[in-house]
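Trainee: I'm new to this one. Could we look at it together, a question at a time?

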Amino acid sequence: MNNFIFQNATKVYFGQGCVKEYLACLVKPYNTVLLAYGGGSIKKNGIYEQVVGILQAAGKTVVEFSGIMANPTYAKVQQGAQLARECKADMILGIGGGSVMDCCKAVSLAARYAGDTWEDFWAQPGIIEVEPLPLGVIVTAAGTGSECNGGAVITHEEKKIKTGRDYPKLNPRFALMDPVYTYSVPVKQMVSGGFDILSHIMETYFSEPNEDNVSDDIMEALMKSVIRNLRAAIRNPEDYTARSNLLWDSTMAENRIIKMGKRCDFQCHNMEHQLGAYTDCNHGCGLAVLHPVYYRHIYRDGLPKFVRFAENVWGIAREGRSDEALALAGVEALADFIREIGLPTTLRELGVTDRSQLKEIADSCGISNGSYRKMTHEEILEIFHACFE
Ligand code: NZQ
Ligand code: ZN
């Protein structure tokens, strides 16, 4: 296992009824709350009414920052930061999935920083010394795990860059996670979020070290949990057990625990983020298209781990197969699962209709240092062409 430092600053309140039970107490230290949310699903499912009722009863001044889009843009971040400064918000309360949580993190940084956070933070690896505005989140969808880390992914539309950074001070102070709040997520989005969880785990699992380490063991259990519970939630979207497991799987995949001692790959994420920057495609759907094709390309470079994946995650018996055949059977089981749960399998289905765009997108992708195979931009382009239709 590689050396590591571990800390996670977010306090999680998990379970049915947690907002009603804890929110008033958690906002006690603050006066003006910037209430941030997305396109309005929280007004349809009753979460907005409940939260505003609690904040008003607690005597808070509530200023709304709404309309955070999927794949949040830097322009939206700047709008939120300006609003936070104008209304002198002393905390941000974000209600939503990854897009809302990520945008809130970026706003909390920009609201307290005099310079341009794109130039000084998102676009480069340096650290900026700033104490972000305190942030709390109410999670409404399982997927990104953004509630328990300092990471956020922001799109600069003009520059066509979608990029993420993890800044430990951006960990939300608290995360309220009620699985019932996720019941109303449309099935297509639930499946996309579910695949994002699986992707985060696979991006970590398929990386050095390969020798015995507890992170790989935890990840096999998590992957099996995601697969089982996603199937159960598709059968019955109001299955509390399945929704609870998916919501916590999502946190566990991105609260840094499984990354301890691992190098991590995230090459598929690098590729998907740039597809998103050019086409605004859905994150989990983009990952579903890329993963099997990427793994068919690299499995020989990480053969023992791919064999383990086939046997331990998909339960495939060797039955006389060579290591290569067994590893490939695991990748094909993943591809079958993607089809079974109704995710797209081609770039065309994602809305990428122009092959001539692919080279520019491929050339803009970051190259992972943690992959079993050090990719080139030519290989990324090959993968995009193989995914096209
Ligand atoms: O806009 P609202 O009204 O919130 O509706 C959303 C949106 O339309 C809807 N939704 C969420 N909860 C709902 C609901 N609809 C009904 N009932 C509910 N309870 O679902 C749609 C998608 O929401 P979004 O937040 O965009 O999805 P997701 O959670 O998948 O987040 C995606 C974003 O997170 C980034 C992605 O790149 C993308 O920008 N990521 C963030 C990461 C992180 N911070 O660690 C890691 C990930 O790898 C990822 O890159
Ligand atoms: Zn992701």
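**Around the ligand**

Trainee: Which residues are closest to ligand 1?

Mentor: Keep in mind that this is a predicted model. In it, 31 residues surround ligand 1. The closest of them are G39, G98, S99, D102 and T140.

Trainee: Which helices and strands each supply at least two residues of that shell around ligand 1?

Mentor: Look for elements that put at least two residues into the shell.

Trainee: How many residues of the shell are charged?

Mentor: Sort the shell around ligand 1 by residue type. You get 20 polar residues and eight nonpolar ones. That leaves the charged group, and its count is three.

Trainee: What percentage of the area of ligand 1 does the protein bury?

Mentor: Let's start with some polar contacts. Oxygen atoms of ligand 1 sit 2.7 Å from a polar backbone atom of G39, 3.2 Å from one of G40, and 2.8 Å from a side-chain N or O atom of S41. On its own, ligand 1 would expose 960 Å². The share of that buried by the protein is 87%.

**On the surface**

Methods: Residues are numbered from 1 along each chain as its sequence is written. Chains are lettered from A and ligands numbered from 1 in the order in which they are written. This is a predicted model: local features need pLDDT of at least 70, side-chain atom pairs count only at pLDDT 80 or more; totals for chains, interfaces and linings use all residues. Side-chain values use heavy atoms; hydrogens and water are left out. A residue is near a molecule or strand if one of its heavy atoms lies within 4 Å of it. A polar contact is a pair of N or O atoms within 3.5 Å; within protein, one must be able to donate a hydrogen and the other to accept it, and residues adjacent in sequence count only if both atoms are side-chain atoms. Accessible areas come from the Shrake-Rupley method with a 1.4 Å probe; for residues, only the protein chains shown count as cover. Helices (H or I, at least four residues) and strands (E, at least two) are DSSP runs, numbered from the N terminus. Ala, Val, Leu, Ile, Met, Phe, Trp, Tyr, Cys and Pro count as nonpolar, Asp, Glu, Lys and Arg as charged, and the others, Gly among them, as polar.
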